[in-house]
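I opened the model and kept notes as I went. The entries below follow the order in which I looked things up.

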2 protein chains.
Amino acid sequence: MSDVTVVGGGIVGLSVAWRLVQRGADVTVLDGGDDGAWHVAAGMLAPGGESEHEDPALIRLLERSAQLWPAYAKELGVDVGYDDAGTLSLAMTADDLAQRARVWKRQELALLRPSELRDLEPALSPRVRAGVFDPRETQVDPRKVVSALREKLGPRVVPKRVEALSDVDSATVVVAAGCGTAALTGLPIRPVKGQVLRLRGEPGLLRHVLNASVDGREVYIVPRADGEVVVGATQEERTDRLVTAGGVHELLRAALDLVPGLAELELTETTVGHRPGTPDNAPLLGRLDDRVVVAAGHFRNGVLLAPVTADIVAGLVLDGADDPMSADFSPRRF
Amino acid sequence: MSDVTVVGGGIVGLSVAWRLVQRGADVTVLDGGDDGAWHVAAGMLAPGGESEHEDPALIRLLERSAQLWPAYAKELGVDVGYDDAGTLSLAMTADDLAQRARVWKRQELALLRPSELRDLEPALSPRVRAGVFDPRETQVDPRKVVSALREKLGPRVVPKRVEALSDVDSATVVVAAGCGTAALTGLPIRPVKGQVLRLRGEPGLLRHVLNASVDGREVYIVPRADGEVVVGATQEERTDRLVTAGGVHELLRAALDLVPGLAELELTETTVGHRPGTPDNAPLLGRLDDRVVVAAGHFRNGVLLAPVTADIVAGLVLDGADDPMSADFSPRRF
């Protein structure tokens, strides 16, 4: 067995493993084979978008990881769809505006009028009432990131489903198994279902990530350079994997109301993922015991938090260093 | 080569072939392998639903074939989903009602109040304004019909794409190639794109076929005994095979407005088919020349018209009998 075994081959586990390998560790990743939340995730790197609901320590963690992403994307050495065109946060109605205005004010972003928004995104519906532009909110393609990391790690990634941590005989075990972490550790991680659509058409309809409140519903639209457009996401406290008529309808309705021209695009994928949520929806980062380190429960921020998680866990495992950034996220807090 | 070669292995070609075989003919079916319109069709057997737009001769043909269906389904000897629970034709708004009322009046169907409609279908939206019940409009599962016919015909169905009728050396050739008939014969058949959804849930949410006008949009909902629910269909003068965001949205919106409980069902299929339409949208049934008989261009009525088409073509090929029912549908009329 290797010095370190990472249980979980999703974006967090692979990022941790790669950082450990770069720092000279002997690492094996055990990958259970199920696609994690990264497979459906749109890859919005939005440290500010969550700030209404979360605590200052989490905001610091999100912002640090967002700062790490440009260099991290470069390190990966291949195109992973990192795109810094920025995000338009939008409100369709007066009620939607009232809802979003509080967050925008705190973020100190200048309110843009409809005409200014349509200068930036001509395809926006004329119904859009207001918005802000946040250049710090960028995007990456999570499938390309995972593919790049798998390539780098090569045979260190072993297809194997771990049923119990006692079956792993490394000196150090990093559990980065997303929702599967609950069964392995007893930690309180629940799956939060999200339905996500992928459309495809000629590139160029949209340039920015759109994150909007549309008649009281939240939707994001993430256009990729190759013509893919990701539309997400429902948020349901359910464990099933069903793509439902209601979920698809809700996403299409909000997306087409916001950008009517999306109607012409091909609907290429309807998918379901489960975000690993904790009781406070903040991640679990740190030692569970002398042998086991946890890097899980990233909820909606797994892609964004992958680089900072990798640095924190590598420091903990190789240097015994407790990064003060992670002090509030101990898995032993529950 | 056989005495008769049928070009086209869809529901019309197979029905013709089987009737010819029953009557003693030596038949081969050449099947190009592409699924025809039957593969996406819901299988509504609705001779009246079309009556607003069509001519008396076509209505007679549709009604004759509807009368043939119960015996035809029995003849097939296996469960093909024939279900005579009947159809509710529905209008959501006052405008929808004004639109449908003319047809209902001609059909001499009694107008049902919302409470009467919900006694028949408790899952209907309380917004539904009026409707009628037509016990003559039934349904069948076209995929099961095709599967039963293929089973009966066995090795007589040969996978082979025909590029030109001169490559077929039978004494008689029946062209039942749907949209492909145009290229083989030069006849004016155009593909009319339809997007169709399939949902799945516990059986029992709906009992009847629903055919509705919902805020100016036409939608049908066909519940099967096994829990499948077919939702259709867009009608687009396009040749592409793209399932679009706009098409799926339009169908889901109308279906969920009509039956809100469908939101919980799994969305299992999004498909595209092309109805073979002629300039007058009536079928092409009859001799093209001494050797070639055409049975194509059935537009939205291929499933309904399969039995009567089989009888007419078998009579023509084996007895030289020109059924008066088909007099108005000669392929030489264009």
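**Ground rules.** Buried area here is the accessible area (1.4 Å probe) that two parts lose on being put together, summed over both. I am working with a predicted model, where local features need pLDDT of at least 70, side-chain atom pairs count only at pLDDT 80 or more, and totals for chains, interfaces and linings use all residues. Residues are numbered from 1 along each chain as its sequence is written, chains are lettered from A and ligands numbered from 1 in the order in which they are written, and side-chain values use heavy atoms, with hydrogens and water left out.

**Entry 1: the interface.** I started with the two chains. Chain A and chain B bury about 1500 Å² between them. Carbon and sulfur atoms carry 66% of that area. Ala245(A), His249(A) and Leu267(A) give 33% of the area that chain A buries against chain B, more than any other three residues. For contact I used heavy atoms within 4.5 Å. On that basis the contact takes 18 residues from chain A and 18 residues from chain B.

**Entry 2: helix against helix across the chains.** Helices (H or I, at least four residues) and strands (E, at least two) are DSSP runs, numbered from the N terminus. Axes are lines fitted to C-alpha atoms, for helices over the stretch in contact, and angles run from 0 to 180 degrees between N-to-C directions. I took helix H7 (residues 245-258) of chain A and helix H7 (residues 245-258) of chain B. Their axes come within 9 Å and cross at roughly 120°. H7(A) and H7(B) are therefore oblique to each other. For that word, angles under 35 degrees count as roughly parallel, over 145 as roughly antiparallel, 65 to 115 as roughly perpendicular and the rest as oblique. The crossing of H7(A) and H7(B) is left-handed (the near helix is turned anticlockwise from the far one by less than a right angle; clockwise would be right-handed).

I listed the residues that meet. H7(A) brings Ala245(A), Gly246(A), Val248(A), His249(A), Leu252(A), Arg253(A) and Leu256(A). H7(B) brings Ala245(B), Gly246(B), Val248(B), His249(B), Leu252(B), Arg253(B) and Leu256(B). By class I get eight nonpolar, four polar and two charged residues for H7(A) with H7(B). Ala, Val, Leu, Ile, Met, Phe, Trp, Tyr, Cys and Pro count as nonpolar, Asp, Glu, Lys and Arg as charged, and the others, Gly among them, as polar.

**Entry 3: sheet in chain A.** Two strands pair if DSSP finds at least two bridges between them. Seven strands of chain A form an open sheet with mixed pairing, in the order E5-E4-E10-E11-E12-E9-E13. Strand E5 (130-134) and strand E13 (266-277) of chain A are the edges, each pairing on one side only. Neighbouring strands of this sheet are turned by 20° against each other on average, direction ignored. I checked one pair inside it. Strands E10 (residues 209-214) and E11 (residues 217-223) of chain A pair in the antiparallel sense over five bridges. Ser213(A) stands opposite Glu218(A) in E11(A). Helix H3 (residues 94-107) of chain A lies across E4 (87-91), E5, E10 and E11 of chain A, at about 140° to E4(A).

**Entry 4: sheet in chain B.** I found an open sheet of six strands in chain B, ordered E7-E2-E1-E8-E15-E14, again with mixed pairing. Its edge strands are E7 (157-159) and E14 (284-287) of chain B. Strand E1 (residues 4-7) and strand E8 (residues 172-175) of chain B pair in the parallel sense over four bridges. There Val4(B) stands opposite Thr172(B) in E8(B).

Entry 5: Most residues other than glycine have a negative phi, and most peptide bonds are trans. I looked for exceptions. The bond from Gly232(A) to Ala233(A) is cis, with omega near -15°. Ala233(A) sits in the loop between strand E12 (228-232) and H7 of chain A. In chain B, the bond from Gly232(B) to Ala233(B) is cis, with omega near -20°. Phe299(A) has a positive phi, near 50°. Phe299(A) lies in the loop between strand E15 (292-296) and helix H8 (302-319) of chain A.
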